[in-house]
Amino acid sequence: MKHVIFGGDGFVGRHLAQKLLADGEQVVIADIVKDNIDFYRDAEIVHCDVTRPEDVARVAMSADDMIYNLSAKMLSPLQVRAKRHEFFYPVNYDGTKNIIEAMDKAGANRLVHFTTDMIYGHTVTFPMTEEHPVAPLGEYGQSKLDTEHLAAEWRERGMSISLFRPRLIIGPGRLGILEKLFKLVDYNLPVPMIGSGRNPYQFISVFDCAEAARLAWKAGVPNEAYNLGSVNPPPVRKLLGDLIRHAGSKSFLIPTPGWAVKRTLDLFDLMNMPIMDPEQYLIADENCVLDVGKGERQLGWVPQYRDEDMLIAAYDEYHAKKAPGASVASGQVAPAE
């Protein structure tokens with residue numbers, strides 16, 4: 001058998017490839033780019049745009065192969081309201097459909113597929129288990145939820161599909177929305193919070209995500225959905241306060257009325273001048289914490305990285321790359337997935 005990773009050059013995909021190659025497995029990277037080849041020098045690389053069924057059909061798959069779908073359009077770069085559907089759906093939904101249909105033709109029936117915690121929307125119960133109600137707040141979350149509905153249909157036809165719903169994934173090579181925060185800290189500027197900052201904020205490490213995907217394969221690809229997040233996330237004010245102290249910055253935290261900030265951001269969004277995506281700011285002051293116990297019980301997966309350490313490591317990497325004479329090594333830049 002071989003492991004075929006669609007989106008294998010992406011943030012999680014390249015770390016998963018590295019793990020599987022270290023295990024002595026045969027790996028195929030199917031991606032539209034190959035910028036991070038240092039991560040998977042021993043893998044076979046196939047150019048593939050998942051939005052094109054003919055590209056996906058050219059990726060050789062057989063009945064006993066293990067397939068992973070990590071191709072995705074993310075919430076960065078920001079999109080104006082009118083363009084969000086056409087930005088997210090061709091890759092997130094149509095791409096997934098193309099992959100599953102190609103698997104079916106090849107007789108392959110095992111898939112690990114990443115969606116997002118954004119399918120949940122506003123917090124209804126705390127912490128959020130996998131049975132939490134789903135009500136996405138935008139096109140990104142909806143596109144991912146629609147792939148879960150697609151997975152349910154194919155499960156009924158005999159496929160085994162494990163779904164993963166991660167919180168904000170961070171690790172070497174990806175900044176996203178964190179870059180704005182790090183700039184404020186570097187310039188000793190005030191750091192506004194949406195709300196009081198007493199609510200916890202949860203990340204998930206890219207390394208923990210890659211290990212979850214590997215363990216799903218080892219467990220036989222259960223027909224289940226799993227939350228991916230850290231354990232015991234700290235309040236926002238502690239998380240950001242620790243970062244400011246670590247940076248030696250004179251920045252300070254400013255609590256704000258959450259409702260007023262959200263309405264202001266709504267206005268900018270309506271004017272096609274988004275500052276943040278609504279799927280991010282609408283839940284920023286809520287207790288959005290995923291319960292990750294199911295992954296431990298069924299897969300033996302336990303997150304290894306703390307939120308405080310992940311944020312500080314991301315800042316240190318950002319700062320190191322800004323240093324005079326610094327160069328970005330191959331394999332350290334995450335594409336816009």
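Reader: Is the crossing of α7 and α11 left-handed or right-handed?
Author: Heads up: this is a predicted model, where local features need pLDDT of at least 70, side-chain atom pairs count only at pLDDT 80 or more, and totals for chains, interfaces and linings use all residues. Residues are numbered from 1 along each chain as its sequence is written, and side-chain values use heavy atoms, with hydrogens and water left out. Helices (H or I, at least four residues) and strands (E, at least two) are DSSP runs, numbered from the N terminus. A crossing is left-handed if the near helix is turned anticlockwise from the far one by less than a right angle, and right-handed if clockwise; for α7 and α11 the crossing is right-handed.

Reader: Which orientation do α7 and α11 have to each other?
Author: The axes of α7 (residues 236-247) and α11 (residues 307-322) come within 10 Å and cross at roughly 40 degrees. Axes are lines fitted to C-alpha atoms, for helices over the stretch in contact, with angles from 0 to 180 degrees between N-to-C directions. Under 35 degrees is roughly parallel, over 145 roughly antiparallel, 65 to 115 roughly perpendicular, and the rest oblique. Therefore α7 and α11 are oblique.

Reader: How many charged residues does the contact of α7 with α11 have?
Author: Contact means heavy atoms within 4.5 Å, and on that basis Lys238, Leu239, Leu240, Asp242, Leu243, His246 and Ala247 of α7 meet Asp307, Glu308, Leu311, Ile312, Tyr315 and Asp316 of α11. For the classes, Ala, Val, Leu, Ile, Met, Phe, Trp, Tyr, Cys and Pro are nonpolar, Asp, Glu, Lys and Arg charged, and the others, Gly among them, polar. That contact has seven nonpolar residues, one polar, and charged ones numbering five.

Reader: And how many nonpolar residues are in the contact of α5 with α11?
Author: α5 (residues 178-186) packs on α11 at about 70 degrees, with the axes 11 Å apart, and the two are therefore roughly perpendicular. Residues making the contact include Leu178, Phe182 and Val185 of α5, and Leu311, Tyr315 and Tyr318 of α11. By class there are four charged residues, one polar, and nonpolar ones numbering eight.

Reader: Which strands are the edges of the open sheet?
Author: Seven strands, paired in parallel, run in the order β3-β2-β1-β4-β5-β6-β10. Two strands pair if DSSP finds at least two bridges between them. Pairing on one side only marks the edges, β3 (44-47) and β10 (225-228).

Reader: Which residue of β2 is the bridge partner of Val4?
Author: From β1 (residues 3-6), Val4 and Phe6 point one way and His3 and Ile5 the other, and all are buried (under 20% relative accessible area, with exposed over 50% and partly exposed in between; 1.4 Å probe, protein chains only). Four bridges join β1 to β2 (residues 27-31), and the two strands run parallel. The partner of Val4 is Val28.

Reader: Is Gly293 buried or exposed?
Author: Gly293 lies in helix α10 (residues 293-299). Val231 is 62 residues away from Gly293 in sequence and 9.6 Å away in space, C-alpha to C-alpha. With 18% relative accessibility, Gly293 counts as buried.
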